Amino acid sequence: MTPLDRRIRAEIAASGPIRLDRFWNIALFDREHGYYATRDPFGAGGDFVTAPEVSQMFGELIGAWLVAAWRELGRPSPFVLCEVGPGRGTLLYDMLRSIRQIDPDMLRAARVRIVETSDRLAALQIERVSRFDLPIARYRRIEELDRLPLLLVGNELLDAIAMRQLRFSNGAWREREIGSGADGTLVVCDGALLRAVPAPLAALGRPEEGAMFEFSPERDAFIGTLAGHIASQNGAALLIDYGHLATGFGDTLQALRRHRFTSALEAVGEADITSHVDFERVLALGSALGVAHTGAMTQGAFLLALGLLERAGALGSAMDEAGRQELAAAVHRLAGNGPDDMGDLFKVAALSSARLSLPPFRI
C-alpha cells in the first residue's frame, strides 16, 4: 500500500467518499508522494512516450510554427515564450534549437518561461535547456506569467488536468466518487444527485441509462486564464493532446503504468491518470473570451501540413538505410492512423489574438 493509498482511505473513513477530481489531484500532484513529484514517467523506461521523444522532428516543426506565428503577430519584443508541463524539456529544447536556426532575432526577443508544478521535473527542464544561455524563469501557474505578448505550447497538458465524471441513472445525473468497498479497497461509486447541470451537458439531450459524461472546471479555468491573457496582451497558444472534436457522452478515465493500462485506484501515486480532452469545449471557451480559432485538426494532418515528410527527407538524406527506416517509423508513429500511432488520436488546436495563416487554422 502506498502512502497516498493510506491517506485517501483515511480521508474516506473520516468524511465519506471524495470526488474524482480531488482523488486525481492527490494522486498526481501531492508535493511529497504524488506521481509527478516522485517519478520520471517519460520514455521507454517510464510509463509512456510523448511525441517529442519519438523524434526531434516534432519539436523542430513546432518551433517553425512559433516563428511563423511570431512574425504574423507583428514580431512583438519582448514577448513570453512558454511551455506548460515540459516533461524532461525535450520539446522545449528542440523548439529553441529550431527557433535559433530560423530566426535568431525571435530568440533574442523571447523571455523563456516554464510552467511546472513538479520541482524535480522543473530542475530537469532547466538543466536541459541551459546550453542556450537564455534567462529562463519557472512558475507554478500561468497566472504568474509576465503581462506581455505570449506564445505558449502545451503538449499532453490538458489531459493531465483533473476532471469530474457523471453517470445517468434512473432519470438523473449523479457525481462519480471514490469510496471504500466492503473489503476496504478503493472503488468508484455513484454519489449524490447533481443539482446544477454543466453547460456542455445541457445541450446534448436526454442520454441513455448508464451514460457517462466528463467535464473539467479546472481545465475550463486554465483555458479561461490563457485565452484572457492572449486577448488582452496579444499572442497565440498551441494545444496538442489526445481527445475528441465534439462534446459527447463517454468514459475516458484511464491510467498508465509501464506502458500498460492499469486501474487508477491501485497503487495510488504510481500510475499516470488522464482523460480525453473535449476540444469543442476548449474552443468554445476561447471564442467566449474573444480569441480566434477555426477548429481543431488531427496531429497527423497538422504535422504533414507543416512539412513532416519534407523534414524527414532532409534528415534521411545523410543517413544509411537503417537510419532512414528508423526515421520512417517515427513519421508513421507521429502521423499515422494505426492503433499505436498518434496521428488520429491526438488533436491540435490553436487560440490566437488574430487569425493566423497557419494550421490548424483553416487556410
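Let me begin with a term: a residue counts as buried when its relative accessible area is under 20%, as exposed when that area is over 50%, and as partly exposed in between, with a 1.4 Å probe and protein chains only. The structure above is a predicted model, in which local features need pLDDT of at least 70 and side-chain atom pairs count only at pLDDT 80 or more, while totals for chains, interfaces and linings use all residues. Residues are numbered from 1 along each chain as its sequence is written, and side-chain values use heavy atoms, leaving out hydrogens and water. Helices (H or I, at least four residues) and strands (E, at least two) are DSSP runs numbered from the N terminus.

I turn to strand E16, residues 346–352. Seven of its seven residues are buried. On one side these are Phe 346, Val 348, Ala 350 and Ser 352, and on the other Lys 347, Ala 349 and Leu 351.

Which strands pair with E16? Two strands pair if DSSP finds at least two bridges between them. Strand E10, residues 235–244, pairs with E16 in the antiparallel sense over seven bridges, and Tyr 242 stands opposite Phe 346. Strand E15, residues 297–298, also runs antiparallel to E16 and is joined to it by two bridges; here Thr 298 faces Lys 347.

Next, an open sheet. Three strands form it in the order E12-E11-E13, with antiparallel pairing. Strands E12 (260–262) and E13 (272–274) are at the edges with a single partner strand each, so one side of each has no neighbour in the sheet. From one strand to the next, the twist averages 40°. E11, residues 254–257, is joined to E12 by three bridges, and Leu 256 has Phe 261 as its bridge partner in E12. In the loop between E12 and E13 lies Ala 267, which has a positive phi of about 50° although it is not a glycine. Its relative accessible area is 23%, so Ala 267 is partly exposed.

I now come to the helices. Two packed helices are described by the angle between their axes and the distance between the axes. Axes here are lines fitted to C-alpha atoms, for helices over the stretch in contact, and angles run from 0 to 180 degrees between N-to-C directions. How do H5 and H6 cross, and at what angle? The axes of H5 (residues 56–72) and H6 (residues 90–102) come within 7 Å and cross at roughly 50°. The two helices are therefore oblique to each other; angles under 35 degrees count as roughly parallel, over 145 as roughly antiparallel, 65 to 115 as roughly perpendicular and the rest as oblique. Contact means heavy atoms within 4.5 Å. Among the contacting residues are Phe 58, Ile 62 and Leu 66 in H5, and Leu 91, Met 95 and Ile 99 in H6.

Helix H2, residues 20–29, is mostly covered, with seven of its ten residues buried, including Phe 23, Trp 24 and Ile 26.

Finally, some backbone details. The loop between H5 and strand E2 (79–84) holds Pro 78, which is joined to Ser 77 by a cis peptide bond with omega of about 0°. Arg 75 is in the loop between H5 and E2 as well; its phi is near 50°, a positive value in a residue other than glycine. At 42% relative accessibility, Arg 75 counts as partly exposed. Another cis peptide bond joins Pro 359 and Pro 360, with omega of about 10°, and Pro 360 belongs to the segment after E16.
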